[in-house]
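Me: I am about to look at this structure for the first time. Please take me through it by question and answer.

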Amino acid sequence: MSKGAGENESISGRPKTLDEAKAWMLGRLAKRIHPMNSLPVDEGEVWINGVPGLDGESWGGYWEQIGLSIREQAEQASRSNDEALACRLYQKASGAFFMGRFPCPNHPAKQRCAQHERETYVLAGQVGKHPIERIVLPFNGSADEGKEVVALLRRPEGIRTPPIVLMWGGVDAYKEQMTAASDAFLENGVATLAMDNAGTGESPVRGVPDAERQFLTVIDWISQQSDFKGSRVGCLGRSFGGYWATKLAHLIPDRLAGVVNWGGGVHYMFQPEWVEASRYPDSYLMELVETRSMMLGAGNDREYVEYFKRLSLLDQGLLDGPCAPMLLVNGKDDKQCPVSDIALLLEHGDPKTVRMFPGGHMGITPQTLPIIVEWLSRQVSGRGVK
């Protein structure tokens, strides 16, 4: 299977077969691209080749057993007081559990992996250079919504009152997948607070039109803390999460030092024509519609299309108002989110900064994340220019 790694990356318009999915995963493993950057290169190839099926039971159960075996090794290392080894093994187990719940926990086996992932990720983050602090905030939602927002805080060493960036992922990358971005900000002296995108992970809300309530809850909490620099924070929304970053930039421009929309839509992405055309993009492994439906709270295809359409920021009348300083980033050939949404943002409201990269969704290159981190670090440190 490794010989043909990546050869089926161009498959679109239908679900991938098991062999095609394995080739897709192997190609991304070699390039260290999400979601395969969660696995070790050496063992990852063996694990991928051993995947028995793409259905929830086969997929979730397979990765769960790999993760449980590694976590048992981590627990043994912890009992032996070998913290460094325990941390590495917990991280490896967390990556396996992430694959088990990917792209969304829509089966009991995947749901178990999601819970394992949350627990194991925090265990891995208890030691090391920038320990993880799990923050739980009360959330005043409706009767059918959750009652708390969970976020993971990390602070840079030796800086008493650092600036801070609030970050979240898309429909399949949860707060546990924000590690690389968090590491990069921490090296720049910026604290990070990672949370789940609306309708994903431990989010208390679905991706409803007013789901910004969960982000505002966290931003309010940050503003009340005395150990962060300044009253304005930075926001990084990755993939679908870029939508909510853009909305916040227009809703509370005076409270945000800078906002990055990294691959998210604002209007055209939510139109029925694009929804239909993007059901099976070559850049996605499997179950994109199921994953988006779970995020939206849609129970059937009609609701899927309708719930998407109501998210349009153009139709909500927000785009012509003032907005916080924004950096818009994507790949020029994105088939999950139309790049025409970036052009639309440039035609409305305050000026924005744009950086387009080669390739598909999110424009993943070796330069992409460093450029994002440098721009947003300047903004939250007071060195940026609107």
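Me: On what basis should the numbering and the values be read?
Reply: This is a predicted model, in which local features need pLDDT of at least 70 and side-chain atom pairs count only at pLDDT 80 or more, while totals for chains, interfaces and linings use all residues. Residues are numbered from 1 along each chain as its sequence is written, and side-chain values use heavy atoms, with hydrogens and water left out.

Me: Which strands are the edge strands of the open sheet of eight strands?
Reply: Strands (E, at least two residues) and helices (H or I, at least four) are DSSP runs numbered from the N terminus, and two strands pair if DSSP finds at least two bridges between them. The open sheet has mixed pairing and the order 1-2-4-3-5-6-7-8. Pairing on one side only marks the edge strands, namely strand 1 (133-138) and strand 8 (353-357).

Me: Is strand 5 largely enclosed or exposed?
Reply: Buried means under 20% relative accessible area, exposed over 50%, and partly exposed in between, with a 1.4 Å probe and protein chains only. On one side Val233, Cys235 and Gly237 are buried, and on the other Gly234, Leu236 and Arg238 are buried. Because six of the six residues of strand 5 (residues 233-238) are buried, the strand is largely enclosed by the rest of the structure.

Me: Which residue of strand 5 is the bridge partner of leucine 166?
Reply: Strand 3 (residues 164-168) pairs with strand 5 in the parallel sense over four bridges. In strand 5, the partner of leucine 166 is cysteine 235.

Me: How far apart are the end C-alpha atoms of helix 3?
Reply: The expected span of a helix is 1.5 Å times one less than its number of residues. Helix 3 (residues 56-79) has 24 residues and so should span 34 Å. In agreement with this, its end C-alpha atoms are separated by 33 Å.

Me: How many disulfides does the structure hold?
Reply: A disulfide is a pair of cysteine sulfur atoms within 2.5 Å. The sulfur of cysteine 323 has its closest cysteine sulfur in cysteine 235, at 13 Å, which is too far for a bond. For cysteine 337 the closest cysteine sulfur is that of cysteine 323, at 17 Å, also too far for a bond. The number of disulfides in the structure is zero.
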